[in-house]
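The sequence and structure follow.

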Amino acid sequence: MKREIIHIMEDGRIVIPAVHPDKIRMDEAELVGLFNVVAPTLRAAKRRIYKLEILQPFTAEQRIPLKEGYQVVYNLEMIFALAFQINTCLLYTSPSPRDA
């Protein structure tokens with residue numbers, strides 16, 4: 001399965017691939033890098049999303065089989081939900097005109 005991920009460039013621009021949203025899936029390590037947090041913070045945010053029933057695991061997660069085990073990847077809805085749960089500057093990408 002070909003999947004795409006979201007990147008943040010060095011200059012702060014967020015690059016979201018121009019593909020169908022179902023093709024954008026990221027694993028835990030990629031999300032940790034995207035949000036610049038440690039894994040326990042990401043897992044706590046994920047648990048909050050499930051506990052508040054914002055999303056359900058069977059819709060937000062997909063298990064990709066590997067030779068030894070599987071890899072869990074999260075869909076675009078989960079990535080957006082995590083962005084709101086994690087207190088990071090991901091949503092702030094460019095200077096405001098008020099800053100000038």
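Is the crossing of α1 and α4 left-handed or right-handed? The crossing of α1 and α4 is right-handed (the near helix is turned clockwise from the far one by less than a right angle). The model is predicted, with local features requiring pLDDT of at least 70 and side-chain atom pairs pLDDT 80 or more, while totals for chains, interfaces and linings use all residues. Residues are numbered from 1 along each chain as its sequence is written, and side-chain values use heavy atoms, without hydrogens and water.

Helices (H or I, at least four residues) and strands (E, at least two) are DSSP runs numbered from the N terminus. Axes are lines fitted to C-alpha atoms, for helices over the stretch in contact, with angles from 0 to 180 degrees between N-to-C directions.

| Helix pair | Axes come within | Crossing angle |
|---|---|---|
| α1 (residues 28-35) and α2 (residues 39-51) | 9 Å | roughly 100° |
| α1 and α4 (residues 76-85) | 12 Å | roughly 40° |

Leu31, Leu34 and Phe35 in α1 meet Ile79, Leu82 and Ala83 in α4, contact meaning heavy atoms within 4.5 Å.

Strands pair if DSSP finds at least two bridges between them. Strand β5 (residues 70-74) runs antiparallel to β3 (residues 26-27), joined by two bridges, and methionine 26 stands opposite tyrosine 74 in β5. Five bridges join β4 (residues 61-65) to β5, also antiparallel. In the hairpin of β4 and β5, glycine 69 takes a positive phi near 95°.
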